[in-house]
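Me: I have a structure open on my screen. Please show me how to read it, one feature at a time.

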Amino acid sequence: MYRYTITKIFTGLSLVFSLLNADITKIMPLGDSITYDDLRSDSLNFRPAGIRTAYRSHLWYMLQDANFPADFVGSQVAGQDISPPFDANNEGHPGWTSYDISETVYQFLADNHADTILLHIGTNDRSSSVSGVNSILNEIDRYERDTGTHVRVIIALIIGRSSVGNATIESFNANLSNLVNHRINTGDMLTLVDMYHNAGLTAEDYAETTHPNSEGYAKMATVWFNTLMLPYSRELHAYPSSIVSTEYIQGTVVDEAAKSVSFLAQVPDTGITF
Amino acid sequence: MNKILISLIFSIMLIGCGSSGESSSYSSYSGPMDTATAYTMSPGDSIVKGSETTIVRITHDEGANISTVELVEGSATILRQP
């Protein structure tokens with residue numbers, strides 16, 4: 001009996017240690033009110049931060065069910081009072097544009113390093129230009145160079161608005177798709193998700209013109225979750241830029257099934273050292 | 001008899017040298033690169049360009065210590081880590 005109890009204790013301890021040593025993915029939900037959960041009506045009927053969750057709680061529960069070890073990171077805390085509890089850290093900033101995020105994302109990462117960023121930004125830009133998003137990605141690259149780390153950015157074609165025309169958003173998304181595909185081609189660690197189409201939001205999924213309700217956010221969470229579940233070799237995606245600057249890289253192709261990466265590189269004046 | 005044996009051994013040695021695998025010879029080769037030839041690069045090895053525009057194709061497998069490089073355009077030289 002005594003021996004059996006000791007065995008159980010050791011088994012329990014080893015389980016705890018194995019969980020502590022598991023690879024936990026630090027995920028930063030980054031964006032505006034659609035990440036934080038802020039409605040226009042909150043200016044009149046203020047909801048406490050503790051019950052604001054957006055897609056984040058839904059995604060957290062999905063990751064837990066899939067035994068995906070995650071740690072949401074960020075300076076903001078919202079949704080901490082709901083049940084079941086979830087990791088309420090995030091970098092959702094209501095009202096912010098992509099330009100606002102570009103000015104702060106370096107410090108966000110310096111304060112809370114992330115392995116993966118979930119980026120949904122551009123709704124407040126009200127423009128088809130993606131230069132602000134390009135600046136965000138440049139700042140993330142600068143952080144990676146300065147710290148010698150690699151950050152995967154899962155970037156979304158943003159959701160539309162309900163009951164209004166979406167011509168500007170559709171134009172923004174088309175430009176964003178071109179930008180991201182160009183940067184992937186040059187070895188940037190980006191994954192593009194089409195939240196605009198694949199979330200499948202209908203008018204019933206919106207709490208108001210711009211912001212989804214809980215059902216809509218659950219649909220967004222499913223798109224993030226499905227992307228996070230796909231095979232992704234951080235080593236292969238990080239390899240090209242680890243030996244030559246992205247400005248010299250083109251035609252990057254990662255074959256997740258074959259576990260191989262191939263790319264063209266223009267040899268810089270300083271050469272390439274493996 | 002001895003002459004025959006010596007000739008036979010010498011011939012076997014020559015054949016052995018000629019049939020050395022491509023991958024092993026290119027993994028230690030230093031010098032100018034040829035197009036359409038895959039060279040194995042180990043950590044510390046490098047490529048320097050010999051023309052204004054030089055483009056190479058690099059392939060790397062997950063978990064591998066080595067990479068493969070091919071010259072696509074221009075000219076380049078492989079330098080091996082001493």
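Me: Where is the place of Tyr29(B) in chain B?

Reply: Tyr29(B) sits in the loop between helix H2 (22-28) and strand S1 (31-32) of chain B. Helices (H or I, at least four residues) and strands (E, at least two) are DSSP runs, numbered from the N terminus. This is a predicted model: local features need pLDDT of at least 70, side-chain atom pairs count only at pLDDT 80 or more, and totals for chains, interfaces and linings use all residues. Residues are numbered from 1 along each chain as its sequence is written, while chains are lettered from A and ligands numbered from 1 in the order in which they are written.

Me: Is Tyr29(B) buried, exposed or partly exposed, and why?

Reply: Count C-beta atoms, placed from the backbone: a residue is buried if 20 or more others lie within 10 Å of its own, exposed if 12 or fewer, and partly exposed in between. Tyr29(B) has 15 other C-beta atoms within 10 Å, so Tyr29(B) is partly exposed. In chain B, buried residues make up 18% of the 82 residues.

Me: Which residues does Tyr29(B) touch, not counting those up to four places away in sequence?

Reply: Contact has a cut-off: two residues are in contact if their C-beta atoms, placed from the backbone, lie within 7 Å. Tyr29(B) touches Tyr39(B) and Ile78(B), leaving out residues up to four places away in sequence. Thr40(B) is 11 residues from Tyr29(B) along the chain, and their C-alpha atoms are separated by 8.8 Å.

Me: How do I read a sheet? In what order do the five strands of the open sheet come?

Reply: Strands of a sheet pair through backbone hydrogen bonds, either parallel or antiparallel. For a pair to count here, DSSP must find at least two bridges between the two strands. The order is S8(A)-S9(A)-S4(B)-S5(B)-S2(B), with antiparallel pairing. Strand S8 (249-255) of chain A and strand S2 (39-41) of chain B are at the edges; each has a single partner strand, so one side of each lacks a neighbour in the sheet. On average, neighbouring strands are turned by 25° against each other, direction ignored.

Me: How many bridges join S8(A) to strand S9 of chain A?

Reply: Five bridges link S8(A) to S9(A) (residues 260-266), and the two run antiparallel. Asp255(A) stands opposite Ser260(A) in S9(A).

Me: What part of chain B touches chain A?

Reply: 21 residues of chain B contact 17 residues of chain A. Strand S3 (46-49), S4 and strand S5 (67-73) of chain B each give two or more residues to that side. S4(B) supplies the largest share, seven residues. Strand S10 (residues 272-273) of chain A also pairs with S3(B), antiparallel, over two bridges. There, Thr273(A) stands opposite Ser46(B).

Me: And packed helices? At what angle do the axes of H4(A) and H5(A) cross?

Reply: Two packed helices are described by the angle between their axes and the distance between the axes. Axes are lines fitted to C-alpha atoms, for helices over the stretch in contact, and angles run from 0 to 180 degrees between N-to-C directions. Helix H4 (residues 98-111) and helix H5 (residues 131-147) of chain A cross at roughly 15°, their axes coming within 8 Å. That makes H4(A) roughly parallel to H5(A); angles under 35 degrees count as roughly parallel, over 145 as roughly antiparallel, 65 to 115 as roughly perpendicular and the rest as oblique.
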